Amino acid sequence: MNKNLQTYLNSHIEAAPLAVFRVFFGILMFVSIVRFWSYGWIEKFYIAPEFHFTFYGFSWVRPLGEWTYGLYLICAVSSIMIALGWKYRIAMISFFLSFTYIELMDKTMYLNHYYFISILSFLLIFLPAGHYFSLDTLSRKRKKNSSQTSSGVIGYVPRWTIDSVKLLLCIVYIYAGLAKLNSDWLFKAMPLKIWLPSKFDIPLIGNLVSEEWVQYAFSWIGAGYDLLIPFLLLWKPTRMFAFFMVVIFHVLTRVLFPIGMFPYIMIVSALIFFETGFHKKVITILSKVIKYPKSLLDVTTVWKPVSIKRYKISLYIIALFFCIQLLLPWRYILYPGELFWTEEGYRFSWRVMLMEKSGYAQFKIKDGVTGKRFYVNNADFLTPLQEKQMSFQPDFILEYAHYLRDHFTAQGHQNIEVYVESFVALNGRLSTTYIDPDVNLAEIQESFKHKYWIKPFTDEIKGL
């Protein structure tokens, strides 16, 4: 192993930043789950619909009926345990599995920040975030002769454990910024030019956001923010200014767009870039509120792995994890055509709020022998949100076509063929034919191959 890398992996830093991140992460996740539950969205989006769109390869992940509430309960309890640092590793694994299962239950509900939470919680499984300012620490304190082992009270953790969280945040920001370097975003202010005028009723800034120059300014500032903010947070002289910008940017984003808890998650996550002195002050305040023993905060013991072999395996897993995060967003290069049009390689690539697509999809069921045909009323099978998402995403269209094939075959229809008359408008362009209406979707198999049955994009969007 490279000597400099070995030195880095063996260097340590105070555990306070990791502990603060753990506490706030757990609290925000609990609030997010309670919020989703209180709005009745579990019933609306997962239990009531008869059909659910699945991710390719995860068709076995389905809502559990009324037991779906139990899945959310597990997720909520796990988030509390994470915040308290109680049975941290078990809680983190439980949260990752339950939250990711929830995310995979219906592709209609996909959001970038859900994906971010899933991969962040996976990363946190391998970090010793429960070894400082936690209930686990209190229980370890009671064990005799444990202060010099990994089961004791830990004051220092490997530097890479904190830097790995920073790296993940940097990847999210930089890739989001790179994705904005396209002609629609920079030179047409799309899709902000479509979205912002509808915010006219917002106090103070309602009239302002309808101005075209403001829409262009937001587009350019948004791209610059994403590309620069990681470096400004990393550099101590600009850190306070950068955090101020993080707060302003995400509060404004929350005001303008209904994107749930994501702005708060990103604001709190940015605290990881601050010096350990800041985090120790936060922990001092929290410890006074909950009467946490001060003697457990002033420790200098260095975290050591129980098993060197397991530690090395964890390092390899994390290295592979980051290789995937760095490479996965570029998979769209393997596909021909315009990414925004085909969406092949669009998800899991930090392309946040980059396009406005609207579509219309009318499905035709045809008997391949007699030629008899009839049209489907999508409302008989899909919720309004599902129908909207399906109308402009090709993998949704294909999965729904297969569902219709199986549904009508089960009803006794024979020689089923499924065709779709589909039209899509992208970022203010005129609506054009999206799916080849002469292709029988019933016989098309889902795969990672290029979907040749998507009609070519008739314009050009330049950029990454």
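Visitor: Which helices each supply at least two residues of the lining of the second largest cavity?

Guide: In this predicted model, the helices that each supply at least two residues of that lining are α2 (16-38) and α13 (262-269).

Visitor: And which of them gives the most to the lining?

Guide: Helix α2 gives the most to the lining of the second largest cavity, contributing five residues.

Visitor: What residues line that cavity, then?

Guide: The second largest cavity is lined by Phe-21, Phe-24, Phe-25, Leu-28 and Met-29, together with Ile-265, Val-268 and Ser-269; by class, seven of the lining residues are nonpolar and one is polar, while no charged residue takes part.

Visitor: How much space lies in it?

Guide: About 50 Å³ of space lies in the second largest cavity.

Visitor: What lines the largest cavity?

Guide: Its lining is made up of Tyr-175, Leu-178, Ala-179, Pro-329, Trp-330, Tyr-332, Ser-349, Arg-351 and Leu-464, and these divide into seven nonpolar residues, one polar and one charged.

Visitor: Switching to helix packing, how do α4 and α5 cross?

Guide: The axes of α4 (residues 68-84) and α5 (residues 88-104) come within 8 Å and cross at roughly 145°, and the crossing in which α4 passes α5 is left-handed.

Visitor: Which residues meet there?

Guide: From α4 the contact involves Leu-71, Tyr-72, Ile-74, Cys-75, Ser-78, Ser-79, Met-81 and Ile-82, which meet Tyr-88, Ala-91, Met-92, Ser-94, Phe-95, Ser-98, Phe-99, Tyr-101 and Ile-102 in α5. The residues of this contact between α4 and α5 comprise 13 nonpolar and four polar ones, with no charged residue among them.

Visitor: Now the sheet of four strands: what is its order?

Guide: The sheet is open, with its four strands in the order β4-β3-β5-β6 and antiparallel pairing; β4 (373-375) and β6 (432-433) are the edge strands, each of which pairs on one side only.

Visitor: Which strands does helix α18 lie across?

Guide: Helix α18 (residues 394-410) lies across β3, β4 and β5 (416-426), and it runs at about 150° to β5.

Terms used:
Residues are numbered from 1 along each chain as its sequence is written. This is a predicted model: local features need pLDDT of at least 70, side-chain atom pairs count only at pLDDT 80 or more; totals for chains, interfaces and linings use all residues. Side-chain values use heavy atoms; hydrogens and water are left out. Two strands pair if DSSP finds at least two bridges between them. Contact means heavy atoms within 4.5 Å. Axes are lines fitted to C-alpha atoms, for helices over the stretch in contact, and angles run from 0 to 180 degrees between N-to-C directions. A crossing is left-handed if the near helix is turned anticlockwise from the far one by less than a right angle, and right-handed if clockwise. Ala, Val, Leu, Ile, Met, Phe, Trp, Tyr, Cys and Pro count as nonpolar, Asp, Glu, Lys and Arg as charged, and the others, Gly among them, as polar. On a 1 Å grid over the protein atoms alone, a cavity is a set of points where a 1.4 Å probe fits but cannot get out, and a pocket is an open set with protein on both sides within 12 Å along at least five of seven lines; lining residues have an atom within 4 Å of a point. Grid points are joined across faces, edges and corners, and a volume is the space filled by probe spheres set on the points.
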